[in-house]
Amino acid sequence: MADVNPGLEGVLAAETTISLVDGSAGRLLYRGYEIGDLASHGTFDSVTALLLEGEWPAAPASLPPAALDEPVLAALHGLPPAAAPLDALRSGVSAWGAARGLDRPPTPDEARELIALAPAIVGGFARLRNGDDPVDPAGADGLGVAGRLLHAITGEVPEASRERALDAYFVCCAEHGLNASTFTARVVTSTQSDLASAVCGAIGALKGPLHGGAPSGVRDQLTQIGSVEHAERWIREALGRGERLMGFGHRIYRTTDPRAEALRRVAEGLAGDEAWLKLAIDVEDVALRLLAEHKPNRVLKTNVEYYASVVLDGVGLPPDLYTPAFAVARTAGWCAHVLEQAEHGRLIRPDAAYVGPAMRPLPL
Ligand code: ACO
C-alpha cells in the first residue's frame, strides 16, 4: 500500500513569496523581513500592505475605518449573545461576502475592505452581546486596525501603550506560511471560489485549540497553577494524565518560536500586571525543563500563544476574544495567500488510500 502522510508534514503544496517559516533556525520572514524587526519598527497596517502588495510601503500605510453595514449588523443581531465570538466573525464575514458582490478573481481592494471590517465585526458583536450598540468607527480616526479593535470593543480610544502592544501582537500573528487555516483558504480559493468563502473556511480551521484556540488555554493553565511553587507538581500531573501544555510545541519550529520571543519583549514593555508576567516567565522555565524530560526525543519549546496570552490580557481583552483578535490579524495573511493562490494556483485535490471493505454485494 502507498505511504500515507495524514498531517501532510513536509509536503510542498505551493510556491509562495509571502513568508518563510524556517523551523530549524527559528526564523520567520515576511517577504524577506524578520519578524522581530517588523514587530519593533513596523505597524500592522504597513505589514498588511507588505503582505498584500509585496513591498514595504514608501509612507506608513493606513487602512480606512469600516462601519458595519446593514447585512452584517443583521447577521450579528441574529446570533444568541452566548455565541462564540469567532462564530460571529465568521457569520459577519459571510454576510459581508453575500451582500458585497465579490469579483473573480479576488482583488486587493476586497482584501483591504475585509481586513478593515474584521475589527468592527468582532467589536460590534462584543458590544451587542452586552446590550450595547456598536460604536461609530469615525471616533477611531487616526488609529490602526489593532487600535480600532480596542475602540470597537470599549468605545474608547485606547492608551497609546496598549494600542502599540496589540499592534505588535497583530504584526506577529499576521502571517505564518501554509498553516492549517491558510491552507484551508487556499483550498477554497483553488476551486475559484470567492474571498469571503475562503476566509470563512479559514476562520473555521483556526477555531480549534491545536491551531488558534490556545491563548485562553494558556491563561487557564496559569490561573490553575497559581504560583511558581505549584508549577512542577501541576505540570507533572498534567503530563502524567497525557495532557498537552498549552503554549508549547509546534509543527514546524524545532526551537523557540521567534514570535514568542518578540511577544515576550512586548509583554515586558507593557505596563500591566507585573506579578502575572513574572508567573508566566517562571512557569515557562519549569515547563520547558519538564517537557524536555517528558519527551526527550521531541523538541517542545514555547510557541506564539504563550506570551500572546500575556499581551492580550495586558491590553484588557476578555479571554473569549483572544482567538477572534488572532483571526483579525491573520486575515491579512489569509488574504495575501488567497490573492497568490488565485493568481498562480491549481485546484488542490489530494488523494486518500482506501482501507474500507472490498467490493461486496448489497445485503438486500
Ligand atoms: N505538551 C505536551 N506534549 C506535547 C505537546 C505539548 N504542548 N506538544 C506535543 N506534545 C507531544 C505529543 O503528545 C506527542 O507525543 P507522542 O509522540 O507520545 O504522541 C509528541 O509531542 C509529538 O506531538 P505531535 O502531535 O506530533 O505534534 P504536532 O506537530 O502535531 O503538534 C501542536 C503541534 C498541535 C502545536 C502541539 O505541540 C500542541 O498540541 N501544543 C499545545 C497546543 C498549543 O499550544 N497550540 C497552539 C499552537 S501555535 C499556533 O498554531 C498558532
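Five aromatic pairs are counted in the structure, which is a predicted model. A pair of aromatic rings is described by the distance of the centres and the angle of the planes. In the pair formed by tyrosine 33 and tryptophan 56, the ring centres lie 6.4 Å apart and the planes meet at 65 degrees; because planes over 60 degrees apart count as edge-to-face, this pair is edge-to-face. Tyrosine 33 belongs to strand S3 (residues 33-34), whereas tryptophan 56 is found in the loop between helix H2 (44-53) and helix H3 (70-77), so the pair ties together parts that are 23 residues apart in sequence. With a relative accessibility of 36%, tyrosine 33 counts as partly exposed. Tryptophan 56 is likewise partly exposed, its relative accessible area being 34%.

A further pair is made by phenylalanine 44 and phenylalanine 170, with ring centres 5.2 Å apart and planes at 80 degrees, so this pair is also edge-to-face. Phenylalanine 44 is in helix H2 and phenylalanine 170 in helix H7 (residues 160-173); the pair thus links distant parts of the chain, 126 residues apart. Phenylalanine 44 has a relative accessible area of 0% and is buried. For phenylalanine 170 the relative accessible area is 0%, and this residue is buried. Ring pairs join Phe44 and Phe170 with Tyr169 in a cluster.

The arrangement of helices was examined next. Two packed helices are described by the angle between their axes and the distance between the axes. For helix H12 (residues 258-269) and helix H13 (residues 274-294), the axes come within 10 Å and cross at roughly 150 degrees. Because angles over 145 degrees count as roughly antiparallel, H12 and H13 are described as roughly antiparallel to each other. On the side of H12, the contact is made by Arg264, Ala267 and Glu268, and on the side of H13 by Leu277, Ile281 and Glu284. Classified by residue type, the contact of H12 with H13 comprises three nonpolar and three charged residues, with no polar ones.

Arginine 259 is located in helix H12. Its relative accessibility is 2%, and since buried means under 20%, arginine 259 counts as buried. Apart from residues up to four places away in sequence, arginine 259 touches Leu28, Ile35, Cys172, His176, His250, Tyr253, Val304 and Arg330. Helix H13 contains alanine 287, which counts as buried at 0% relative accessibility. When neighbours within four places in sequence are left aside, alanine 287 is in contact with Ile235, Leu245 and Phe248. Between the C-alpha atoms of alanine 287 and proline 81 there is a separation of 36 Å, the two residues being 206 residues apart along the chain.

Another helix pair consists of helix H8 (residues 180-190) and helix H15 (residues 322-344), whose axes come within 9 Å and cross at roughly 35 degrees. The crossing of H8 past H15 is right-handed. From H8, the residues Ser181, Thr182, Ala185, Arg186, Thr189 and Ser190 take part, and they meet Arg330, Trp334, His337, Val338, Glu340, Gln341 and Ala342 of H15. By class, the residues of the contact of H8 with H15 are four nonpolar, six polar and three charged. Arg330 of H15, listed in this contact, is also among the residues touched by arginine 259.

How values were computed. Residues numbered from 1 in each chain as written. Predicted model: local features only at pLDDT ≥ 70, side-chain atom pairs only at ≥ 80, totals over all residues. Heavy atoms only, no water. Axes fitted to C-alpha atoms, helices over the stretch in contact; angles between N-to-C directions. Helix = DSSP H or I, 4+ residues; strand = E, 2+ residues; numbered from the N terminus. Parallel < 35°, antiparallel > 145°, perpendicular 65-115°, else oblique. Contact = heavy atoms within 4.5 Å. Nonpolar A, V, L, I, M, F, W, Y, C, P; charged D, E, K, R; others polar. Left-handed = near helix turned anticlockwise from the far one by under 90°. Phe/Tyr/Trp six-rings, centres within 6.5 Å; stacked < 30°, edge-to-face > 60°. Buried < 20%, exposed > 50% of the residue type's maximum accessible area, 1.4 Å probe, protein only.
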